[in-house]
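Subject: Structure handover

Hello,

Here is the structure you asked about. Please open it alongside this note, which goes through what was found.

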Amino acid sequence: MSIGFETGVSVAGTLGVIRHDWTREEVRALFALPFPELMFEAQRIHRLHFDPREVQISTLLSIKTGGCPEDCAYCPQSVHYDTGVAAAKLMDLGDVLAQARAAKASGASRFCMGAAWRSPKDRDVEQVCAMVAGVKALGLETCATLGMLTALQARRLKDAGLDYYNHNIDTSPEYYGEIITTRTYRDRLDTLGHVRDAGIHVCCGGIVGMGEAPEDRVGMIATLASLPVHPESVPINMLVRVEGTPAAARDGIDPLEFVRTIAVARITMPASVVRLSAGREDMSEETQALCFLAGANSIFYGPKLLTTPNPEPDRDRRLLDRLGMVPME
Ligand code: SF4
C-alpha cells in the first residue's frame, strides 16, 4: 500500500495487485489526488503491466447504422433524435472483409464491428458470425458491439471466433436513468455476464462529459473496477456532441478531469487495456499525450467512429511518432 504524497490518501493496492473490492471512497480519493501524484501512481502501475511505449490499435466499423429503438441520450443513431444519420441495413460480408483488410494494412490489430440494435435477432447473429469468422481468418482480433445478447447468442459468437464484445456501462448506476430509459443498468450487467460466461473477452467502459457529476465518474469507475473480472479492455470516451441528441446540450468536462478519469481507470484496473476512445477529434494533441501518460494504451484508428469523426490515420501516425510510441503487436 502506498500513501499519496503529503495527502494522507491511501492509493491502496498499487503494487500491481489486481483488486475487485474498490470502494467508492477509495476511488473518490484517487480522483482527489494532486495531479502530479495521480499521474505518478498511474504511470508506476502502467509500467508494472505494460510497455509504456506501446499502443494497441483498433478500427471500428459501423456494420449496421442508425434506426436504433434505444434512446441513449448521446447517440446520433437513435430513432428518438433528429440528427441527420441515415439508417442503413446490415453490410454485406464482402464489404466488411474489404474494410477489415484495409484496417489491417493500416496497422490495426483488432477489428470492431458495431451494429445499432437494441438486441440482435438470431438470424442477425448468424450473419455477424460469418463476418467474425472472415475477419479472424485475416489474422485480426475480432470485436463486436450489437446490443443486448442472450446467453445462447454469446456462445454462438464465441464459437464463430469472437475475441471481444463491447458493451459499455456508460455512466454511474445513479445517472443511468438520465442517459437511457429504454433499458436498465441491470440489463447491461446481465449481457456482460453472458459474454463473460461464454469465454469472450469483455470490452466495457463509459462516456464522460454528458452532464454527469464528479461522483458519477467515481461511480462508473468503481462499478467497472468491482466487476468479478475486470474488463480486458476499458474504453473511456469523451462525449462527441452531436446536435439533436439531448446530451449535446449538457455540461462538458475540463480536459484535465478527463485525464484524471483515465488515470483512475489505470490505477484501479492495472492489467486492463485502457482505450482513449471517442472524442479525440476535438481533443488537443497535448491532452492526448497526457492521456497516454495517465495510462491509456489503446486508440481507435481510422477517420470515423461509427457515425462521428475521428482523427485521420496520418495525423495519428505523426502524433505517435512525435511521442516515440509504437503499435502494440
Ligand atoms: S448507443 Fe447503441 S443502443 Fe444506444 S441508441 Fe446508439 S446504437 Fe442504439
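Which residues does R217 touch, not counting residues up to four places away in sequence? They are F31, V208, E212, I253, E257 and T261. Please keep in mind that this is a predicted model.

R217 lies in helix α8. With a relative accessible area of 4%, R217 is buried, because the cut-off for that is under 20%.

Helix α8 (residues 214-225) also meets helix α1 (residues 24-31): their axes come within 9 Å and cross at roughly 120°. The two helices are therefore oblique to each other. The crossing of α1 past α8 is right-handed. On the α1 side the contact is made by R24, V27, R28 and F31. On the α8 side E215, R217, V218, G219, I221 and A222 take part.

The other element to look at is helix α3, which covers residues 93-105. It has 13 residues and reaches 19 Å from its first C-alpha to its last, close to the 18 Å expected at 1.5 Å a residue. Its buried residues are V96, L97, A100 and A103. These cover an arc of only 115° around the axis, so they sit on the same side of α3. In general, an α-helix has 3.6 residues a turn, so residues three or four places apart point the same way. Among the elements that cover the buried residues of α3 are β1 (54-64), β2 (110-115) and α4 (122-137). After α3 comes G107, with a positive phi near 105°.

Regards

How values were computed:
Residues numbered from 1 in each chain as written. Predicted model: local features only at pLDDT ≥ 70, side-chain atom pairs only at ≥ 80, totals over all residues. Heavy atoms only, no water. Helix = DSSP H or I, 4+ residues; strand = E, 2+ residues; numbered from the N terminus. Expected span 1.5 Å × (residues − 1). Buried < 20%, exposed > 50% of the residue type's maximum accessible area, 1.4 Å probe, protein only. Arc of directions from axis to C-beta. Contact = heavy atoms within 4.5 Å. Axes fitted to C-alpha atoms, helices over the stretch in contact; angles between N-to-C directions. Parallel < 35°, antiparallel > 145°, perpendicular 65-115°, else oblique. Left-handed = near helix turned anticlockwise from the far one by under 90°.
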